[in-house]
Structures are given as structure tokens and as C-alpha cells.
Amino acid sequence: MLGLLAVVVCCPASLRAQSRADRDAVFQFRDSLATATDSVSLLALEARYLDDARKNRDDPLPKFRLGYTGLRLAQVTGAASHFRDAESEFEWITQLQPKWPLGWYALGNAELNEADVFPAGIRGLFATLGHDIFVQPAHDIARSGEVDSLFTIGLTQIGEDALDHNIGSHLDAALAALREVAASPVGRQRDVLLMRGMVEREHGDIDSAITAFAAIVRRNGDDARAQLELGRTQLMAGRIVGTGPWYAGLAQADSSVAALYHSDLALVMSDSALGVFDRLRGAARVADVREFWDTRDPESLNTSAERLREHYRRLEFAHRNYRLLAPAHRYDSVRTFAATGSRFDDRGRIYVRHGEPDDRSSLTMIGLPPNETWLYRRPAGDLIFNFAQPDSAQGYRIYESILDIVGLGAAAQHTGQGDVATRLAAGNVVETYGAAWTAQAAQELLYSRQKMSPVYAKMLSAGPGDAQKLQSTERVEGRRSMAIGLQTDSWTFGYELPLVADVDVVAFGGTPRQPEVQVAYAIPGSSLYATPTGGPLVYPIRVRAAVRNARNELVAFIDTTRNYTSSAPIPEQAHLLGRVPLAVPPGDYTVRVAVETANRGIVEPPRTIHVAPLAAAQVTLTDLALGVRSVPLSMRSGAADTAWFNPLHRFAGSEPLQLTFEVGGLAPGAAYRTQIAIFRSGHKSAAIQVAGNATTSTAPERVHRQVDLSRLGSGSYEIEVTISTPDGVKVSRRHEFSIGGH
């Protein structure tokens, strides 16, 4: 430590301005005290530096050494007098050299350290009396930047410490300091603007954060860090526009900024995918990440941008609710300006991957640690995650079995049953039966979870004979959930409010080289809402459809919004009708459709379709388009033929059904026979059957027929069309519909 004294220039500081060398020497000395824990040695140093300061009363540099030694003594001993001594030395420096930013910076930090030792109750009392003890430290740190616009360390470090340690009072102080300098030159410095944006965001003022980041981007469009923070903030606020700056920053990112992107993606990307990400640069890295988001959970119907937005919403939620706190606030030191990042407990890791659980349960019980169980319902098998917090210094950890939480409790610990997994492997179960202390804890925990899984109810009722089998089964299920949950991600798609709508998907239309799938929909007026205006009402309808092949590859996707105008509100019993064409190559596919409007939506179950190869040599037949003229939803071809669609699937017997289909594989002039049959659901005999011979005039041939339904009563039906040729080839298609009803 004595060697450091030689570094400090001892000529009277009043004769010159504060140099960078002076600052570095002071910082080096200050940091050398960070590991000092012996108060006796520190007191000896303090005495030595006090004598030096007395001999050089007009030199601020010895006072820096004395002040920082006193501050370290205060931190080691907790004595308030040492805080006041340190503050006195730093304040003297600000009087000797009011234009030295380091003096104001040191004074503000000393005041902040002293404010930290006040009990929360005393802080609250001061606040009630109108005196916030963190206001003065914030003001003095702000002053350090105001006297020297190039001295940004104080402002960036107070923000960084507040973000690192999640101390609300420090966050308030950082925000106050950064807002105080907003109109001064230092407030327009890039690092200060960046830190202000991050602090504003953490404090909850999203618009102010966006303004700060956007100011940097306007000044320098190549600032990848600012682009990232702007994109992050907009996305976590639910603004899809954030994808623009997010990808722009990714394209320009150097290694340090790329590391921040890596951190944000690490909870959903596999190690191998992250390895590829780290090796790529620029446009190649952007293309790689876009492809990653494009392929996430293809059944969800979320677009790539929406998945990215949801990812940041989840990151923000996990940051607010499942954050692992940094180690205790450490001695003030200069650190490189870097990202604060987010660190989550195991609940946060699961949440970022899978979002909000479908169900959750917890049990507050003396002798058991805080605990939660989350349930995600999945078609391939539910996922169940058990969490517990072993002690207050740790976040929640994930456990294979609910009984592992029992093992953490006082009962199991005091009876030597804490290592549940090892005991089970050795053939010794946790007693979930009887009246023993551990058994009672296990029973209470199982009671609280029995609605989550049938196995918990079975474990409750099991005696000694079945306990081992059931406990092993439950552990295997938990292990499976962990394996899936921590290696995959899911993006379940849905809407907060349901939409009543009828949707039909018909593989019909287009051209032989580019066939189409028609997505037709009908929405009743009772499910529609249009913002009142002075003119026509506008109903925006968004339709999304994803078409996938047998290998689950995305073949076609559409995401379109159409605005329907009306001079008056659509009556509740009337319907808004629409149709969206989607070009799909011939083949067998699975289609999923979502329709939404005004915060309401419906996601249709996946349905299979066959897109006929009309240009093929063999005879083929498209889907059947069923409609009626009173439901005015039609498609007109270039030949002026009209196909009608009725997504309601309901018809009145008094009006003819309009049937349209296309036949491929026959040359012009070829003979074929058409047979139309209508079957009541569940019946093998046709209620109506008509047939006729025809000759093709075009290739492919579009056929339109009117079918009289007047002889049929109310009920559910299927219409079947069969095309046959003289050489015995037959192809058929069916379509369900109903007559009458609502």
C-alpha cells in the first residue's frame, strides 16, 4: 500500500487542473483498499494520511487518501463517525477545487454508503418528514458530471450499481441524478444517455427509456448497443416495431454487444445453436437468428416478430419476478461500463422457455421451505415442475420430485430422511402414510398438489406396498419434465378474449401450376367491435394460416389484416364474411388458422387437407366448395364462373345449394361421369343421389351444380361427389354441412 503513495503526485493541486493521471492514481489507491478488513491497520493508515493532509492543507490529493481510508473504515466497522469523517474530507475537496469532478463523485458515494447503513425504518421516518437521505448523494454525483461533461463515471456507476444489486433506494438516487443532468452537456453524452435509458426502463418509465435510446440511435445509427437496448425496450413493452432496431443492432454488433444478444438468447437456444451464433457475423448472423425464430413452435401461428416480442416479454417478467439478486453491495470501485443482464432462478428459466403455467400450487407450512409446483398441459404429456427455496440466500431451485421438497423440511432433516432420492434408490421410501412427523408433512404437500396430477392422489392413498412404485413413477415423470422443459421451448398461441367465428378451409381454386387453399370465415355481429367515428365504421380482421407437410415443414404461411367498412354497426345476428386465398403446391398438409379482431380471437384446431395436382396425368378432384346465394361470399374465376362458400356450413332447405369443384387429369373432350350423393350423418344409404355424363371443355374442368335440398329435413349431412371415367377410374370427395339449426 505504501507503494501507492509514490503514484500520487504531491505538488499543490491548486496550481493546475485535475489531470487524468491524478484521477487514475486516486482510483488505484481507492481500489487497493477494497480488500482491507483489518480495522487496526486502517486506523494506522488513517493517522498517517491525516498527518500528511495537515501538512498539505491546500492539496486535495492527500485528502482523497484520507477520505477513502475513512470510508473503508466505516464499511469495515460500521461506525457512523468514520462516514462523517470521510464526507468531511471529500466536502473540503469540493471547496478547494469545485471544478474537480472527482471530489463531488467521492462525496456523493460516501453519502450513499452512509445512507445504506440507516435501518429501513429510519429511512422511512426521514422520508415522512420530507427528507430523503438519498437525495443529497444523487445531487452530488450529478454535480460531478455537471462540472466536467467528460466525467461520466459517477453517473454511469451509480446506475450500474442500482441495476446490479436491485436496491430500490439506489435506483431512485440514480434516476434522480441522471434526470438532474438531462439538460446539461454531460446528460447528452452517449454513456450517460444509455445508462439513463436503462435506469428509466428499470424504474418503469418505458417511454423515457425509449426516448433516451432513440436519441443515441439518431446521432449514430451504427451504435449497436443502443439499437439493442432500444429494440429490447420496445419489445418488452409489447411494441412489435422493436424488431427493427433489434436486428439492426445484431447486424452491427461487435463481440461485446454480440455477447449481450447471446445472453438474451441463451435460455431458448441450444448450445449447438449458440455455437453457430457465436461464429457468424453481420448479415449471416441475422439470417441465422431470423431462421431460429421462424421455426419456433410452428403450430403456434405466431410470426417471427411476435415470437421475439414474446421472448422479451417473458425475459422482463422473469427479471421482475424471478431474479437472483447479485451479491451484497460491494465497496465502491470503478468498473468497465457493461450490461447488467438478468439472472433468474429456476422458475425464471422455465418461464422464459414456456411462459405462464396452466396451473400452479404452493403450500405455506411451518417446517417446509417456500415451494411451488407448475403445470403445463401438453398433448404429448403434461409437464410438471417442482420448485423450492432451500434458504433465503438462494432463489427457487427445481427438483425432480415433490418429495424432494419434503426432504428439505425440518421433519425429514431431523429424522435422517433428507436425501430422498438416495433413499428411494436404496429401496427406502418417504412415508406418505401414517401419523409420523415426516408423513404428515408429505401428506399436506400432496394434498395441495393432488389436482395437478393423478399420481399425487394415488400417492396419498397408497400404503407401504405401493409407495415405492408410485414414488418412483412420480420421480420419473418429474425427471422427464425437467429434461423436456430445460431443453425445449413452447409458444402456446391464444387470445385473452374468445371470438365466435365459423371457419372453413377448402383446397380449391388457383391455377394448375399454382393451386390455392381458400380460408373462408363468418363472424357474427355479436363478436364484432368497431371504434365509433364520425364516418363509416371499420372492422379490422386479421387472419393467419400455416400450412405444414408431413415432415412438419412450413410450406405456406399468411398473415393478413383486412379492414371492412360499414355505414352502420353489423347487427348481432348478421355475419361479417371474408375469404383469404393461400397458394399451396399439390400435396397432403395440415392447416391451422387463427382469426382475430379487436383483442378477440379464435385458433382453429389443425385440420388435414389434400391439394389436388390438377396438372397431373391421372384423374384428380379438388375439395368441394359449398355455398348459397343468400350468404354472399363467392370467388369469380377468369372465365366468369362463380364458386360460392358458406363457412357457416348451415343451409336452409328452401334455397338451392351451390356446389363447385374442379376435375383434373382429363384432356379437353374427354368423357366422364359425375355422381352427387347426400347422406344423412350416420346413414349408409343416400337421401339424394343424382348422376350424369359429361365431356370436358377445358383442362382442368370446373363444374358447378345447383342441388335442391327441399326434400331433406333438418339435421347433419355429408355431400359426396364421385368422378369416374370409362376406363373405370374413380375419385371422390366429401364435405359436411347441416340444414336448419342456429
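Reader: Which residues does Arg232 touch, not counting residues up to four places away in sequence?
Author: The model is a predicted one. In it, Arg232 belongs to helix H13, residues 224-236. Leaving out residues up to four places away in sequence, the residues that Arg232 touches are Arg201, Trp246, Leu260, Asp264 and Tyr312.

Reader: Does Arg232 count as buried or exposed?
Author: The relative accessibility of Arg232 is 9%. Buried means under 20% relative accessible area. Arg232 therefore counts as buried.

Reader: Which residues have the most contacts inside the largest nonpolar core?
Author: This core has 41 residues. Its largest share, five residues, comes from helix H15, residues 255-265. Those with the most contacts inside the core are Trp246, Val289 and Trp293.

Reader: What does Trp293 touch, not counting residues up to four places away in sequence?
Author: Trp293 is one of the residues with the most contacts inside the largest nonpolar core. Leaving out residues up to four places away in sequence, Trp293 touches Trp246, Tyr247, Leu265, Val268, Ser304, Arg307, Leu308, His311 and Trp491.

Reader: How many residues are in the other core, which lies apart from the largest one?
Author: Ala522, Leu577, Val619 and Leu624 are among the residues of this other core. Its count is 38 residues.

Reader: At what angle do helix H23 and helix H24 pack?
Author: H23 covers residues 437-449 and H24 covers residues 454-461. Their crossing is left-handed. The axes lie 9 Å apart, and the angle is about 145°.

Reader: How do the residues of the contact of H23 with H24 divide into nonpolar, polar and charged?
Author: From H23 come Gln443, Leu446, Tyr447 and Arg449. H24 supplies Tyr456, Met459 and Leu460. Together they divide into five nonpolar, one polar and one charged.

Reader: Which strands stand at the edges of the open sheet of three strands?
Author: The order in this sheet is S6-S7-S10, with antiparallel pairing. Neighbouring strands are turned by 20° against each other on average, direction ignored. An edge strand has a single partner strand, so one side is left without a neighbour in the sheet. The strands at the edges are S6 (502-510) and S10 (575-583).

Reader: Which residue in S7 stands opposite Ala507?
Author: Strand S7 spans residues 515-524 and runs antiparallel to S6. Seven bridges join S6 to S7. Opposite Ala507 stands Val517.

Methods: Residues numbered from 1 in each chain as written. Predicted model: local features only at pLDDT ≥ 70, side-chain atom pairs only at ≥ 80, totals over all residues. Heavy atoms only, no water. Core = buried A, V, L, I, M, F, W, Y, C linked by side-chain atoms within 4.5 Å. Buried < 20%, exposed > 50% of the residue type's maximum accessible area, 1.4 Å probe, protein only. Helix = DSSP H or I, 4+ residues; strand = E, 2+ residues; numbered from the N terminus. Contact = heavy atoms within 4.5 Å. Axes fitted to C-alpha atoms, helices over the stretch in contact; angles between N-to-C directions. Left-handed = near helix turned anticlockwise from the far one by under 90°. Nonpolar A, V, L, I, M, F, W, Y, C, P; charged D, E, K, R; others polar. Pairing = 2+ DSSP bridges.
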